[in-house]
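These are my notebook entries on a structure that I am reading for the first time. I record what I looked up, topic by topic.

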Amino acid sequence: MAAYLFTHFIGEQKDGEQIYFALSRDGLHWEDLNGGKPVLFSRTGTKGVRDPFLVRDPATGRIYLIATDLRIEAGEGWIHAQEHGSRSMIVWESDDLVHWSEERSCQVGISQAGCVWAPEAVYDREKEAFFVFFASNVKTGYEMRPKQRIYACYTKDFREFTETFLYMERENHVIDTTILESGGRYYRISKDETVKKLLLEVSDSLTGGFERIPCATFDALAGVEGPEGYLLADGKTWCVIADQFQSGKGYLPMLTEDLSSGNFRILSPGEYDLGRTKKRHGGILRITDEEYERLAGR
């Protein structure tokens with residue numbers, strides 16, 4: 001794996017909530033594909049998608065692209081999206097990253113959910129299935145107001161899913177969660193939606209108890225969301241990126257060689273290039289040289 005594919009959306013303008021592609025050799029300098037225009041369109045559900053995420057099946061090599069079924073550009077607003085949004089996620093699949101299936105809508109949200117946001121997936125080797133997780137705004141029987149929590153389910157093919165269950169709940173609203181595996185442990189980064197900051201945790205199990213890791217870098221960053229992480233080509237450095245949505249500055253990369261330390265170095269503007277298109281909450285997949293050349297040649 002010697003290159004990277006970044007899937008993302010760009011904002012709430014016309015066609016901004018569709019799927020855009022960018023390529024990189026080093027994971028830090030990106031080139032927009034298709035002239036900076038969408039590569040994939042959703043024509044189902046809300047007819048818009050946000051927060052795309054890529055995951056590869058280790059057994060078959062097939063790549064799945066999952067995304068939030070949401071189009072704020074339609075004009076119904078954020079309150080409607082939180083309280084009456086889609087309970088489905090949109091799924092594409094491909095064997096070569098060039099030819100993609102028709103998108104399909106998969107309902108995974110529980111009946112009380114007001115939305116299914118920012119779905120991601122991690123392959124669980126013990127279960128030989130994908131662990132899929134997402135944020136939902138839910139009001140339980142004892143609550144006066146709904147709260148954002150993280151729910152999860154399992155799937156082997158992104159067509160049939162197990163029963164959805166509550167995965168993470170905090171005192172505050174929690175959304176935008178990503179999970180990284182390193183050294184046999186799982187590192188979870190999520191957004192505290194109440195204070196708009198990121199939290200870092202670790203566990204020996206995907207569904208076990210997670211412990212908080214102090215992280216001064218995350219504590220100092222406000223107005224960020226959409227955390228994503230990936231291993232750089234040297235095989236030891238992790239790059240964690242966060243969308244600076246509040247300031248509108250786009251993604252900010254941070255590096256560490258030890259996720260358990262909680263120590264990250266924020267890159268200066270001259271150390272990375274996100275391309276001409278502003279990239280909003282998306283997902284990054286390590287790809288092969290062959291896949292890179294195939295996509296670059298489109």
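**Entry 1: the second largest pocket.** I began with the classes of its lining, which has 7 nonpolar, 4 polar and 9 charged residues. I count Ala, Val, Leu, Ile, Met, Phe, Trp, Tyr, Cys and Pro as nonpolar, Asp, Glu, Lys and Arg as charged, and the others, Gly among them, as polar. The model is predicted: local features need pLDDT of at least 70 and side-chain atom pairs pLDDT 80 or more, while totals for chains, interfaces and linings use all residues. Residues are numbered from 1 along each chain as its sequence is written, and side-chain values use heavy atoms, with hydrogens and water left out.

I noted a volume of about 400 Å³ for the second largest pocket. Its lining has 20 residues, and Trp 78, Trp 117, Ile 175, Glu 193 and Glu 225 lie nearest the centre. E4, helix H1 (77-84), E8, E12 and E20 each give two or more residues to this lining. Helices (H or I, at least four residues) and strands (E, at least two) are DSSP runs, numbered from the N terminus.

For the search, a 1 Å grid is laid over the protein atoms alone; a pocket is an open set of points with protein on both sides within 12 Å along at least five of seven lines, a cavity is a set where a 1.4 Å probe fits but cannot get out, and lining residues have an atom within 4 Å of a point. Points are joined across faces, edges and corners, and a volume is the space filled by probe spheres set on them.

**Entry 2: the largest pocket.** I found a volume of about 720 Å³ here. Of its 23 lining residues, Leu 54, Val 55, Arg 56, Ala 121 and Leu 285 lie nearest the centre. E4, strand E8 (117-124), E12, strand E16 (225-231) and E20 each supply at least two lining residues. By class, I recorded 15 nonpolar, 2 polar and 6 charged residues.

**Entry 3: the cavity.** I found 1 cavity of 30 Å³ or more. Among the residues that line the largest cavity are Leu 198, Arg 212, Cys 215 and Asp 219. Strand E14 (197-203) and helix H2 (216-220) are the elements that give two or more residues to this lining. E14 has the largest share, 3 residues.

**Entry 4: the sheet around E14.** I traced an open antiparallel sheet of 4 strands in the order E12-E13-E14-E15. Strand E12 (174-182) and strand E15 (211-212) are its edges, each pairing on one side only. Pairing requires at least two DSSP bridges between two strands. E14 and E15 are joined by 2 bridges, and Val 202 has Glu 211 in E15 as its bridge partner.

**Entry 5: strand E18.** I checked burial (under 20% relative accessible area with a 1.4 Å probe, protein chains only), and 7 of the 7 residues of E18 (250-256) are buried. E18 runs antiparallel to strand E17 (238-244), with 7 bridges. The hairpin of E17 and E18 has 5 residues between the strands, and Gly 248 takes a positive phi near 70°. On E19 (265-266), also antiparallel to E18, I noted 2 bridges; Arg 265 is the bridge partner of Leu 255.

**Entry 6: helix H3.** Which residues of H3 (289-296) are buried? I found Glu 291, Tyr 292 and Leu 295. They lie on the same side of H3, because they cover an arc of only 100° around the axis, taken from the directions from the helix axis to the C-beta atoms.

How values were computed: Buried means under 20% relative accessible area, exposed over 50%, partly exposed in between (1.4 Å probe, protein chains only).
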